[in-house]
Amino acid sequence: MQKNDYCPKLPPRPGFKALLIMNGITVFFLALSLQLSANGFAQKRINLEVTNMPLAEVFRQIENKTIFRFVYSTDLLANRVVSEAKFHRATVEKVLDRLFVNIPLTYKMINDSLISIGARQASVPVEVEQQAPIRGKITDENGKPLPGVSVTVKGTNRGTIANDDGSFSIDAKPGETLEFSIVGYKTYSIKIGTESTIDIKLAPETGDLNTVVVVGYGTQKKKDVTGSISSVSSDQLNLGGVTSNAAQAMQGRAAGVQVSQTNSAPGGETSVRIRGGNSIKSTNEPLYVVDGFPSETGKDINPNDIADIQILKDASATAIYGARAANGVVLITTKRGKAGRPNIQYDGYYGWQKLNKGQEKMNGLQSMQTANAIAHETGLPDAYTSAELASGTNTDWLKLATRVSKVQSHNLSVSGGNADTKVAISANYFSQDGILRNTDYERYSMRANIDKQFGNKFKMGVNLYGARTKSKYQFYTGTIAPDNVMAAIIVASAAMPVYNADGSYARFRGRDNPMAWLMEPTRDRWGNKVNINAFAEYKIINGLSLRVTGGTEYTDSKEGNYLPRTMVNGEKVNGIGSIANYTTTRNLVEAYLSYDKSFGENTLNVVGGVSYQKDDVESSGATVQNFSTDAFLYHNLGSGTERLSSTSSKVDVRLASVYGRVNYALKDKYLVTATLRRDGSSRFGPNHAYGIFPSGSVAWRIIQEDFMQNQHTFSNLKLRMSYGITGNDRIGDYVYLSTFSPMNVTLDGHNSYPGTVLTKLPNSDLKWESTAQFDLGLDLGFLDEKITATLDYYHKKTSDLLMDIPLGLWTGFGSQTVNAGSIENKGIEVYINSENVNNKNFQWNTSLNFAYNKQKVLNLGGRPYIITQAPNPYGARPIDFTRLEPGKELSMFYGYIYDGVFKTGEDRSAQPNFRAGDAKFVDINKDGIVNANDRTLLGHANPHYVYGLNNDFKLGNFELSIFLQGAADYSLFNASRLMLETGQGIEFLNRWTTSNENTDIPRDNSSLYSYCINTRYIEDASYLRLKMVTLGYNITKNVLKKINNIKVYVSAQNLFTITGYSGSDPEVNTFGVLANLSAGMDYTAFPAYRTYMVGLKVNF
Amino acid sequence: MNRISKIILLGVMIIGPLSCKKLIEPKVYSSLTDVNAFLTKSDAIAAVNATYARLKQPSGRGDSWMYYAGFQQLLTDMTTDAAIAMGGDHGKLADGTWGANNVYVSYGWQFPYKLVSDAINGIYYINKMETISEDEKKQFLGELRFLKSLGYMDLTDAFGPVILQTEDSVANNVANPHYEAALPVTPVDQINTMMISDLEYAAANLPVNYTNSAIYKTNDVGRASKGAALTLLCKLYMREHQWDKALKAANDVIALNEYSLFPSFAGLFAEDNKWCSENIFSVMADQIVDGIEIKNHMGPVNHPTITFRWGMFLVPWPFYNSYALTDDRRDMFYAEYTGTDGLLYKQPPPGQTTPPAGEAYLFGAPSKKFVDPNGPNNYLDGHVIPVLRYADVLLCKAEALNELNGPSAEAINLINQVKGRSHAPLLGDPSDFTKESLRDAILQERGWEFVYELKRRQDLIRMGKYAEKTNAYLISRGMPPSITMPRDKYFSYPQNQIDLNPNLSNEGRRNN
């Protein structure tokens, strides 16, 4: 409803004063803040002389001369030019006051180093009597006050800037639209009704070009980045539930970054592949850098501490990390304190986990009857007596072994500070019980990040992190050893009893049952991690600063095991206990100079520095048996009388580096980056002690071109191109050296005599694996950045692959490690973010990432192929599992084509030792005989496509987030199904017998032995998974004083998976992250589960 | 000096030292390098000791049944009439159907070379040492040259001409690495010449025993001695049918007055009998500090006291049945026992293949030789493997005498010493025998005496009976008589080695 027409009355009044008069409250706070910050603000006096200079450049010059940083929306400064101004020993305040006399802008100190620039409400006549002041408070996504926000009335020049506590007051009348904007947050508009107070919550900007991203040794504005970087901010991370590390937190969130949980045990292993795998023998895991500190265990930090993750993908972005960058670099930045009111946050949840899928096994009676039937078929007496058949024994091993388990996390963080000192401290407790009994994971962690500014030139900071983890673990290694409980559960018959009458675990035919193996042995693991690092930054002259960082990271893990005498193997030796200890200490010191300079339309940034890193990796362990009691477990190894082994080792790793980078921009349109790093490593042979890793990239911000100024489709258009060479130094320690190691022996039949033997042939030429990468990228923004997209094409070629080249055994050695062979990865990545709806009551945001990668081995150093083997599920010698050959990709299954079973009387001349009912395989080479030559490649284990799709909805106080994630075009070898189908699975009832000819399940025998890698068990594992769905409700009304915001939420993980794969989880990789050549085995995996949880987030 | 130059100077000061190679040279803590591996006498001893470890310890494999601790018997015994196994590559050896891809054939190549490699590395480095005395050097080199010969004895037994690697090859590779070179094979007679020289050196420089060694402070019965070198020399001459030299070497051993037959055959093989008067050279083991897995492979299945053994390597029933009932050695088998499953494990009666209820048939007799019924029941065992023992010397001397002069009382007396110890029926008068029939009797006696002691194939070939005896046995099992001489005098070179070195050729050998 409109009361009166707008009617100008008063003449315009000059700038600043008018604002002050009209906004009394603002005046008060502004004055207060000016007073508070009087030191830093007034103290620094500068000389400045400008002629026809864009205002943005003037700000840049002030930034170079002082500690101040300006925040503004680029639009505000568009076409603003300062014609002439000259200052001598003027305060910044004075400079700004002067400059803004003729420019309708105003400024506001957000803190001692940040100045927000906003539109000035002025110069337009205002009909005072018709405008009630609208008051309100602006908060960020966490409900924390947001100062410095520019508030304007749309279509007018009226405006103001929010105060320190986020409050604002502005005159506006009903029907007018208020617009709230500040750098780093999405601009928000609201049409005024009759209300007099409006509380506004701003959402962080994700696609903003001015967003600053962390790059190696520095930061850059997103718009100036020429390389390929995926950013994941804290609000995009998968937090909650079973997410216990940074890798899980970013799964599905970044294009071209494939995260898979190879083992879903509590604290289980995650594998991260950025743009496919480059290496055959070394690791394909990326380098993690946490707050500038390269850490092998970087992904294990408390994910709640993470402010954002930058994933550096192309050579331009990664080359500054040289010999460690070939697998990509994950830069993790943790949360730091901000000046202003202290922010106290509690974030916690409690959840339940439930088994996804059971195993369909024969019941006890079926199992016994089947065993008897088989005995008859082979002419043996009954395996089970009629009394046993009547016993009703029916054990569901998986059900006994699993439970509904709980997971919980409690995170308390405090941050705040003043202009000089900022602190962020957090503490976290995470605990997850495995759905498999006797497994769990627990972590206590604490972090403190402290920043201190001393005057204008010098600042220091320290980052402290400490964590302790504890878990009970089991083995899921894919072997048939009985201590691999999941294998034991698969093959265990339901006819086996669990307990004896006295409650002890029943043995079956002299062996322990699976529950005994699960519950009786003690398997504990602890980890400690402490990272202490500090930095000092000194501004030497304008634009030139020196940053020195240094620190130590100490990690250790300890395993304690005990096998008691309640177990057969423990009974034989009166208990066997062991302890193993691994520690790594990394010391790092780095120093780099950073220089920024603008001249005319040129902007230059140069970084150059040095780094020295030294690791000590130590391990020790002991195994002892023959105890008088089980009571000690592994806590008193001295009480065991027979020492089986005691070991220790220490490895020294060193890395000395020099690096530099130049960023140059012309007219904010043409961007060039060049990077060079020289790494010397203790791992490289003397002939290649140092490696040089260069990269170069160019980008063209087409959107800045004149011809783009009159279009409205694109809000951003940038073309990027890069090329560079990076290395993988994780080639093992001392590999190039000829080493002599202990080989002890008894020479009297009783005592051990020390011996030393040559254990490795030298290779002075040994060096890093080298990856050359080309990247072509396009950054797009549409509809005023409502839709943003990033497209990248890349081509990587890795050469000098580390390989073990076979040597004639007459040398005494079977192989020697050399650099040979090469492999290529090509792919496409797409990231799209779309703000579908954005108004006060309803917001809907969609983001999609998608990546395609194709790998091809070019050369295996002259070897025609490499076969990997897997443990034979039937227990004999290992079987050939995958085959790698030039032209193909890593982890391709190698085996037979299954062709059903032989019917009675069918011609079996191609498989002469087989009988009716045995498995039949295709004679591929048609030579009339089925043998090892009839094996072929049966599919690949690495997905060609990975994708993630997230939808966030906000309706009033409700928030809903639906996150889908998946992979496509790959297969798994379902060895669990093989074992069930030929053993205790329900399908085995349908096996071939003379009375059941019409089946494709073979008769009972091991006819699949050594033929078991075949098409019947290679299954397409493509999947789409509802990884996480979260429904939250925000209680914004102040329930209690001092509480800013309460959010309650319910969440579910792995609610459903759409897949044709018949196993329990298509993400499984039994052989873990190092299985470069033998991925794709699904056997004895930790059972997959769903998680449901309720959470609470409170901001004080 | 202005600020910029200060900065540049600072930069140079920082970057300068970082370019220094010393910064990135690692300190090697837990292994030795060629800089510090051979400094003192103790280092030399360690290099010698480790070479003995190669006689049984795993070389890159997780199993503890390498070389003399188990699989070498697959080549030397399983391929004859005196051993049987079923399934897998060991079954193929027992069935006479092995080929160039048989894993144990490739082990038979790999592990003796590993022994040779460690021995010649030790010889190369110890030769250069200046911190040890001449006597010490002779002792160490004597031991290593014996071990090197033992490796070449096995290699040439199995493969005939092989690639020759010596201490000179080590020197060449240290100076100019060329490990991947495809080297030619060396004829057996040239290798024999080298072995004779090495063994004569060892015999000349090694002590008779280590009870009062000036160099070693302990009685290291596992070390090579003068007697060991002479015995191996005797075996080499025997192989080459140089009977007079073999006889001389055997007499030299006997003249040492160091050895005699141990009174009890069972006691000789007790797990706790690590060394006795009959042992000339044995591979030592201890169940805790240096255990092996021979008991796992040979021990009976489901046995009530020798629990959790696999019963893989057995002796064929006809061979077992050939022992005289009075022969103590007949009792060295688990021929019949009630298993943990309540079944009676036994030899199948003739013509019978399906056991009646309550019984299970063993397809061969499990030996007690390396499965001491009174030994500890650990997973790993501590049985000592006799490589050279005095009974062998006596029987070699008898054989050499017979080959030189025909049957004689002296020869028969030697054989009867061995028989008598085990209460086996003795041989009668020399006039009952021709040279051929006494040779057959010696062969039979050696079979009974040395079950699974790495001798059978060598004996059969030396006496020209390999095809005859083994084919007869294969036929008795209903298998094709697949042994053909001279093709099967040597095994095929392992296929993976031929792939790497075209100088190795299986022409005239099994090539499947």
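## Ground rules

The model is predicted, so local features need pLDDT of at least 70 and side-chain atom pairs count only at pLDDT 80 or more, while totals for chains, interfaces and linings use all residues. Residues are numbered from 1 along each chain as its sequence is written, chains are lettered from A and ligands numbered from 1 in the order in which they are written, and side-chain values use heavy atoms, with hydrogens and water left out.

## Where A meets B

Let's start with the interface. On the chain A side, 69 residues are in contact with 72 residues of chain B; contact here means heavy atoms within 4.5 Å. Between them the two chains bury about 5,900 Å², and 65% of that is on carbon and sulfur atoms. Buried area is the accessible area (1.4 Å probe) that two parts lose on being put together, summed over both. Three residues, F740(A), L747(A) and W810(A), supply 16% of the area that chain A buries against chain B, more than any other three residues.

Strand β33 (residues 642-666) of chain A gives twelve residues, the largest share of the side of chain A that touches chain B. Strands, for the record, are DSSP runs of E with at least two residues, numbered from the N terminus. By type, that side of chain A divides into 34 nonpolar, 25 polar and ten charged residues. Nonpolar covers Ala, Val, Leu, Ile, Met, Phe, Trp, Tyr, Cys and Pro; charged covers Asp, Glu, Lys and Arg; the others, Gly among them, are polar.

## Polar contacts and salt bridges

How many residue pairs are in polar contact across the interface of chain A and chain B? The rule finds 15, with both residues at pLDDT 80 or more. A polar contact is a pair of N or O atoms within 3.5 Å; within protein, one must be able to donate a hydrogen and the other to accept it, and residues adjacent in sequence count only if both atoms are side-chain atoms.

Salt bridges (a side-chain nitrogen of Lys or Arg within 4 Å of a carboxyl oxygen of Asp or Glu) are another story: the count between chain A and chain B is zero. Over all chains, the count comes to 88. One of them links E285(A) with R273(A), whose closest N and O atoms are 2.7 Å apart. R273(A) sits in strand β17 (270-274) of chain A and E285(A) in the loop between β17 and β18 (287-290), so the pair ties together parts that are twelve residues apart in sequence.

An open sheet of three strands runs in the order β40(A)-β37(A)-β1(B), with antiparallel pairing; strands pair if DSSP finds at least two bridges between them. Its edge strands are β40 (756-758) of chain A and β1 of chain B, each pairing on one side only.

β37 (residues 739-742) of chain A is joined to β1 (residues 32-33) of chain B by two bridges, and to β40(A) by three. F740(A) has L32(B) as its bridge partner in β1(B) and stands opposite L758(A) in β40(A).

## Strands around β57(A)

Strand β57 (residues 1023-1035) of chain A pairs antiparallel with β54 (residues 958-968) of chain A over ten bridges, where R1025(A) is the bridge partner of Q965(A). Eight bridges join β57(A) to β58 (residues 1045-1053) of chain A, also antiparallel, with T1030(A) opposite S1051(A).

Technical notes
Helix = DSSP H or I, 4+ residues; strand = E, 2+ residues; numbered from the N terminus.
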